[in-house]
Amino acid sequence: MIKHYLKVSFRNLWKYKSFSAINIAGLAVGMAACLLILQYVSFKLSFDQFHRYADDIYRVVNDRYQQGKLIQHGTITYSGISKAMNDDYEEVVQHARIAPSGEVILTYNDKRIAEDEILYADSNFLAMFDFPLIAGDKRTVLKDPNALIISQSLADKIFDYKGDDYNQFIGTAIKYGTDSALYKIEAICKDVPENSHLPFHILVSYKTLTNFWKEADYDFTQSDFWHYVRLKPGTNYKTFNAQLGAYSQKHFQGNKISGSDETFYLQPLSKAHLYSDFEYELGRTGSATVVWALLIIALFIITIAWVNYINLATARSVERAREVGIRKVVGCERKRLIFQFLFESALVNFIGIGLALVLVMLVQSSFNDLLKYQLSLSYLVTKGLSGYGILIGLISIVVLGIFISGLYPAFVLSSFKPIAVLKGKFSSSQKGIFFRKALVIGQFTVTIGLIIGSLVVMQQIRYMNKTHLGFSMDQVMVVRAPSLTTWDSTFTDRVNIFKEELKQIAHVKGAATSWNVPGGDIGRSFNVRQKDSATTNQFTVRHTGVDYDFLDVYGIKLIAGRNFTQSDLSQRGANRRAMLINRSAAKLLGFKSPEGAISKTILRGTREWDVVGVVEDYHQKSLRYPMEPMIFMPFYGTNNAISVKLAPGELPRTIAEIKKKYDAFFPGNLFDYTFLDETFNRQYENEQLFARAFGIFAGLAIFVACLGLLGLTMFATIQRTKEIGVRKVLGASVSSIVLLLSKNFLQLILLSSLVAFPLAWWAMNSWLRDFAYRINIGWWVFILAGASALFIALATISFQAIKAAIANPVKSLRTE
């Protein structure tokens, strides 16, 4: 029987080659798009799921409030937080803490390697997290000062090694930064998986940190630490969070330390990557909005493909009515007919799946380049946030889709009355026609919505790239800080002379040093106020250290007072009093105007500073975040990055000359650099990915929908062949026949536009709310999307309609 069904199915596929090709092509493209998107979704949902205790591990995060306003939403807390939780709550069975290190240069023999993915980690870090060792004993590591665990790839770099026996390197001593003591390699771990929110190449024993910073051991005054706890299995973390108000009051009184109130709570490890709007993240974060939006798009595309199958199968019911009538007359039961049509549906879908897999393999490399991840179909069987939900969901959706897309046509076709059919009295029902129209409206509602979404996302990206940020990052090269240089009394003069020497290079306009450069988080001061203010309220501002060339190099506008001078930085650190503030800080601290802040004294904690200038606000971070109050202090340091403003032209030669000067002034340091526009724009990676993916998959959705429209047009043309012939004989023009065949479909697309417009406006407005600075969605976006859909549909329909309109009417009138 199966052999019979298979033979009949292939015979029908071959008989209706055009319709079969449209169905299979639509399903193949739709399923391929779905499989590609699901790889990315599975990868993102798999973050941190490789840890054995992933379901029970949480990170401690906190919110700070000042005068009732949220001033910090961050991942950093105090060094004593997790140990205190472990002591106070029986639900906590394990804790670990980490602290990131700045970039360090490792020296082994004559080789020097710079590394910036470094974490100080507790000795029980590897007991909580599963980062496998390929050499060394995890039970004994990270317990002594100056002990290191390095990654496999870093070991390969240091030792120029390409073998498998890494045990030979255990116990090797290397020079770590400027520390006079040598550090010992205790273990080598596998490279951290790409789907970990904690990237590192070096783990340094936490005792190394506490040896020179006692507050890093157990303290509630300095918040520069990241904490993780493991709860007993089955513990409800939301219930646990409700207890932490009392915990905060017991251990920490923020209003006495930072002038703020703090709330601590736990976030599941599994949500750390996708559900983070926190500051001070250690690794790259993703966007749950992007992931779920792409998942919805994948479902839309495959649904459009199945709708095509349903539409074409039911539209062709008249053609297959005689076949059904004859089968019923010779005794075929209805259930066998239903099974036959379901079998045909399954066959078409399986052929589509096979072609989809081929398409995925063909475009996989390009897709990976687009996303900048090494994805493959294996991610579909990877455990994710909901276990194996993606794999189970994919199988369920495909089975359900095959069943539903085949079931409705099967019931329609098997319900024909054989006597009416064989007498030629059968015609399509009004209910069937209405249902097909509803499906077409649904298809193009989704398609127009995706076009609108693509336009809005591209507009927002363009807006973020074109908006003036309050500073200039064009042609700014950021050179690595000379961290291996020892600080001494000559360092300030050396930096000043170095900057002047750089200015003598033909294409160098200027140079500056600073604690931070635009594009990332900077520190905060929580207890800032006017010295002579009537109020004792303390305020929170961002702070950074800069030199007297910083404003000029970055083109930041001075709106009142003066800039820093060389003498402001030549004084001893404790005697420096000059401070710059920005417009927002002046307003926050109660000054009526920027000019009113000049020469006023500011208290930062207990230290007094004199405001010498006010600068215009600028965007330290991306346009997703609002501009914040900032203060600038005059400081040099060996960890200060060097910003060099360049003029266009002769870039390789200019860089070579800068390197020559750098090596002369800071011998022993490694010269390296980045360009600020590249690093700043990395903040928009999620948005740029979303824009590219949205555009590509919206295009695929349009393609699949138009395939279905083409099929329906072909069928309508075939059904009206004799009518078209009669009309042509009676003098109808080609344009009138094209209009006759097109107008019903175009009316459906206009209705689709009316449904899509409000839905797309709501969805994209919700997405834009995540940005502090955003576009307004213009009316022209909807008109353009609707017109585009109408034009694409008209082009699709016209191809077949014109072909029918110019056909010889004599042949048309002979058609039976």
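Colleague: Before we look at this predicted model, what is meant by a pocket?

Modeller: On a 1 Å grid over the protein atoms alone, points where a 1.4 Å probe fits are considered, and a cavity is a set from which the probe cannot get out. A pocket, by contrast, is an open set with protein on both sides within 12 Å along at least five of seven lines.

Colleague: What volume does the second largest pocket have, and which element gives the largest share of its lining?

Modeller: The second largest pocket has a volume of about 560 Å³. Of the 20 residues that line this pocket, those closest to its centre include I296, F300 and L759. The elements that give two or more residues to the lining are α10, α15, α23 and α25, and the largest share, eight residues, comes from α25.

Colleague: Why is the pair of Y161 and Y166 called edge-to-face?

Modeller: A pair of aromatic rings is described by the distance of the centres and the angle of the planes. The centres of the Y161 and Y166 rings are 5.2 Å apart. Planes over 60 degrees apart count as edge-to-face, and here the planes are at 80 degrees, so the pair is edge-to-face.

Technical notes: Residues are numbered from 1 along each chain as its sequence is written. This is a predicted model: local features need pLDDT of at least 70, side-chain atom pairs count only at pLDDT 80 or more; totals for chains, interfaces and linings use all residues. Side-chain values use heavy atoms; hydrogens and water are left out. On a 1 Å grid over the protein atoms alone, a cavity is a set of points where a 1.4 Å probe fits but cannot get out, and a pocket is an open set with protein on both sides within 12 Å along at least five of seven lines; lining residues have an atom within 4 Å of a point. Grid points are joined across faces, edges and corners, and a volume is the space filled by probe spheres set on the points. Helices (H or I, at least four residues) and strands (E, at least two) are DSSP runs, numbered from the N terminus. Rings of Phe, Tyr and Trp (its six-membered ring) pair if their centres lie within 6.5 Å; planes under 30 degrees apart count as stacked, over 60 as edge-to-face and the rest as tilted.
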